[in-house]
Amino acid sequence: MKSSTRQLWEQQDRHKGERKRLFTAVRAAVGGQTVLYPGSFVDVAASFAYPSVTYVDVDQRASRFFGDIDGVREIIASENGAANARIEFIHADYREDLGLVNRSFDLLISLYAGLVSEHCTQYLKDGAHLLVNPSHGDAAMASLDPRYELAAVVNSRSGSYQVSTDSLDTYLQPKKETSLTPDLIRDRQRGIAYTKSPVAYLFRRIT
Ligand SMILES: C[S@@+](CC[C@H](N)C(=O)[O-])C[C@H]1O[C@@H](n2cnc3c(N)ncnc32)[C@H](O)[C@@H]1O
């Protein structure tokens with residue numbers, strides 16, 4: 001493995017195993033095989049839990065990281081990921097056409113990378129899921145998107161993750177009386193303050 005690959009991964013995984021626990025809990029809750037991860041940077045932890053992941057990022061360092069495919073496979077093997085995991089990296093802006101088949105993925109991941117759902121929901125199968133955290137406003141954007149319904153929330157306690165479907169109607173309630181619109185979310189490019197703060201949300205594509 002190249003030393004730059006190792007270094008980038010160590011920085012990415014500085015909260016040791018956190019993302020592995022998150023993606024493992026999500027897969028246990030909603031299943032699936034194929035994942036699209038736009039704005040992934042070098043978060044290869046998705047491949048610890050899923051057998052087929054397509055990573056997308058514009059960053060040159062991410063491109064070099066995934067270019068060291070033997071190093072990436074070594075990282076995945078060290079975390080008991082599937083030895084024959086399918087890993088694809090697309091060096092692109094996710095707002096552009098990614099050359100992927102529409103409605104072909106089981107999970108779309110949106111973590112700290114802008115309004116992924118707005119540009120990439122087309123690639124999700126019907127009934128498939130979006131994992132999105134509240135940062136950058138993408139959870140708010142998904143909550144306004146008629147293609148989605150809230151399916152679960154992800155909470156964290158003592159370093160482990162729980163996926164819950166309890167009282168879903170009590171989530172996504174803004175603290176301030178605001179009339180949310182896609183334009184407002186695009187302008188702000190940050191999260192909305194809600195009365196409850198789960199780590200992340202799982203939305204299901206319904207149309
Ligand atoms: C803060 S990092 C988050 C990385 C990873 N999702 C995580 O949670 O650790 C945001 C990443 O999104 C990428 N990104 C932001 N906008 C993008 C776009 N329009 N197309 C592709 N990548 C993008 C950046 O290059 C960066 O690597």
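**Figure 1. Several elements cover the buried residues of helix α5.** The cover includes α1 (3–12), α3 (46–49), α4 (60–67) and β3 (86–91). Packing is judged by contact: two residues touch if their C-beta atoms, placed from the backbone, lie within 7 Å. The model is predicted: local features need pLDDT of at least 70, side-chain atom pairs count only at pLDDT 80 or more, and totals for chains, interfaces and linings use all residues. Residue numbers start from 1 along each chain as its sequence is written. Helices (H or I, at least four residues) and strands (E, at least two) are DSSP runs, numbered from the N terminus.

**Figure 2. Helix α5 has a buried side and an exposed side.** The helix spans residues 69–78, and its buried residues are Gly71, Val72, Ile75 and Ile76. Why do the buried residues of α5 line one face? Seen down the helix axis, they fall within an arc of 140°, so one face of α5 holds them. The arc is taken from the directions that run from the helix axis to the C-beta atoms. Turned away from that side are the exposed residues Asp70, Ala77 and Ser78. A residue is buried if 20 or more other C-beta atoms lie within 10 Å of its own, exposed if 12 or fewer, and partly exposed in between; the C-beta atoms are placed from the backbone. Asparagine 80 follows α5, and its phi is positive, near 60°.

**Figure 3. Helix α4 also lines one face with buried residues.** Ala62, Phe65 and Phe66 are buried in α4. Down the axis of α4, these residues fall within an arc of 90°, so they share one face of the helix. Gln60 and Arg61 are exposed on the other side of α4. The buried residues of α4 pack against α1, β2, α5 and β3.

Figure 4. Strands of a sheet pair through backbone hydrogen bonds, either parallel or antiparallel. Here two strands count as paired if DSSP finds at least two bridges between them.

**Figure 5. Strands β2 and β3 run parallel.** β2 covers residues 52–57, and six bridges join it to β3. Valine 56 stands opposite isoleucine 90 in β3.

**Figure 6. Isoleucine 87 sits in strand β3.** Is isoleucine 87 buried or partly exposed? Isoleucine 87 is partly exposed, because 18 other C-beta atoms lie within 10 Å. Leaving aside neighbours within four places in sequence, isoleucine 87 is in contact with Ser47, Val53 and Val72. Glycine 191 is 104 residues apart from isoleucine 87 along the chain, and their C-alpha atoms are separated by 30 Å.

**Figure 7. Strand β6 pairs with β8 and with β7.** Both pairings are antiparallel. Six bridges join β6 to β8. Leucine 150 has phenylalanine 203 in β8 as its bridge partner. β6 and β7 pair over five bridges. There, valine 154 has valine 163 in β7 as its bridge partner. The hairpin of β6 and β7 has two residues between the strands, and serine 158 takes a positive phi near 45°.

**Figure 8. A shell of 17 residues lies around the ligand.** Which residues come nearest? They are Gly39, Phe41, Asp59, Leu111 and Ala113. A residue is near the molecule if its C-beta atom, placed from the backbone, lies within 6 Å of it. The shell divides into nine nonpolar, three polar and five charged residues. Ala, Val, Leu, Ile, Met, Phe, Trp, Tyr, Cys and Pro count as nonpolar, Asp, Glu, Lys and Arg as charged, and the others, Gly among them, as polar.

**Figure 9. Phenylalanine 41 and histidine 136 each have a positive phi.** Phenylalanine 41 lies in the loop between β1 (34–38) and α3. Its phi is near 50°. Phenylalanine 41 counts as partly exposed, because it has 19 C-beta neighbours inside 10 Å. Histidine 136 is in the loop between β5 and α7 (138–144). Its phi is near 65°. Histidine 136 is buried, because 22 other C-beta atoms lie within 10 Å.
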